[in-house]
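Please open the model in a viewer and keep the selection panel at hand.

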Amino acid sequence: MNIEQSINKLLEKYNNEPEFQTALKEMFASLDSKSLSLIKDEAFLERLVTPDHIITFDVKWLDDNNIEHINKGYRVQFNNVNGVYKGGLRFHPSVNLSILKFLAFEQIFKNYLTTLPMGGGKGGSDFDPKGKSDNEVKNFCYAFMKELYPYIGVDKDVPAGDIGVGAREIRNLYNAYKEYSGKSDCSLTGKPLDMGGSLCRTEATGFGVTYFALEALKQYKHTDLKGKKVIVSGSGNVALYCLKKVTELGGIVIAMNDSSNSIYVPSGINFDILRELKEDKRGRIKEYKDLVKDEVIVKESKAIWEVKADIAFPCATQFELDEEDAKKLISNGVIGVFEGANMPCTIEAANLFIKNKVIYSPGKASNAGGVAVSGLEIEQNKKNEKWSFEEVDNRLKGIMSTIFNNIYKCAKDLDDEYNLVKGANNYAFIGIVNKMFH
Ligand code: NDP
């Protein structure tokens, strides 16, 4: 078998699923000869890229005027060789099967990197919670779970939140799960604390990517975050808690955005003020200007990558940072780009960072803190224990440090020290393939 030809033939099959195709391309392009030699035949390739189950359903829900709407619902259960299917639910108008397959495929390898027993899955709906009343969101969550509950469970598939699915949605989804299934087997993570959630889960992805960055800065550049000027894109869950931890560790977050605007604040963005604006009031980032006395420059969303900074954390959404953006960051002297979102950098942007010896970490490694603490939430629920914030935070730090060191060593062994994409993909690919066939 000519492996390259087989891979190209396989990729062509997914021309109409561009996000999924990109995830496959990124994975296969980074595998070295030892990893590629594990691919025995075309049947193996097919199995690796084919989800175990794809569940699709219609979600019929009532708005506040009693009018019925129908959205699409999905759950992709991709691979469970490393444990129960695990991955978030995304509610966003852009959701389709290509995006969910890409995210579920990434999740297989990300979850392996955490060292915890979790397989890969992802789900969601093209429902847009933005602008909906709490009652409408509740109606939608109940209707969604009515279709999904037979397919999930603590020993089978444990979804969590993702874009558009925060504490409010998880509360509704878990209440609906209990009502329809008659069980309370903790088959969702990211639950509110009073429902069995873990302390530090809300903070986990944002804190985790910052711990990862700290370890990487230490190993590559013998430095840390103190005094560094930092860009954090997005202003949702991941971005907010990245802002919080970076600030605590002495960095100055000078630019953030949402899908409408970016803000540039030379004196640094205040976590408490932005958190209240975004989480409590569900406001827009440009309103930050009205809440502080500091200089705040509001521009269009993409202008965030024009800001001169030492470090960037793309924490908003997929493919938000392209080659042109990467060029701007590099010419402005960036030394590290750490992905908090899933695949926020295009392949071309990532390659440019690696070529220019900018420390660049793929999301599947550096944003694994969220799913890692979800794994710890499952462990606490199973043991009927509640660990302190410090205990969970310390375990998170340990896991992020292990992830960095495993993939950094793998990259060095492959003689490509600055290529953490290769490090992460080869390390996790070998681990998963060995589990699939032994
Ligand atoms: P949220 O829904 O809480 O926040 C998403 C943020 O990104 C919002 O501020 C949103 O702005 C902004 N955004 C969306 N599209 C764009 C765009 N095109 N340009 C600029 N900003 C944009 O999601 P999360 O913070 O939970 O997730 C962010 C990313 O991190 C996703 O890729 C997710 O898959 C990934 N992730 C999340 C984890 C978690 O634990 N939450 C775990 C691991 C990965 P607006 O309000 O305008 O839409």
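The stops below cover the domains, their interface and a cavity.

This is a predicted model, in which local features need pLDDT of at least 70 and side-chain atom pairs count only at pLDDT 80 or more, while totals for chains, interfaces and linings use all residues. Residues are numbered from 1 along each chain as its sequence is written, and side-chain values use heavy atoms, with hydrogens and water left out.

Select residues 3–185 as domain 1 and residues 206–366 as domain 2; these bounds come from an automatic or database domain assignment. The contact (heavy atoms within 4.5 Å) takes 18 residues from domain 1 and 13 residues from domain 2. Taken over C-alpha atoms, the centres of the two domains are 26 Å apart.

Next, display the interface. Domain 1 and domain 2 bury about 1,300 Å² between them, with 58% of it on carbon and sulfur atoms; buried area is the accessible area (1.4 Å probe) that two parts lose on being put together, summed over both. Between the domains there are 2 salt bridges, a salt bridge being a side-chain nitrogen of Lys or Arg within 4 Å of a carboxyl oxygen of Asp or Glu.

Now select K364 and E106. Their side chains form a salt bridge, at 3.4 Å from N to O.

Which residues line the largest cavity? Select E26, E106, E339, M343, Y360, P362, G363 and K364, which form its lining. Here a cavity is a set of points on a 1 Å grid over the protein atoms alone where a 1.4 Å probe fits but cannot get out, and lining residues have an atom within 4 Å of a point. The volume of this cavity is about 30 Å³, taken as the space filled by probe spheres set on the points.

Technical notes: 1 Å grid on protein atoms, 1.4 Å probe; cavity = no way out; pocket = protein on both sides within 12 Å on 5 of 7 lines; lining within 4 Å.
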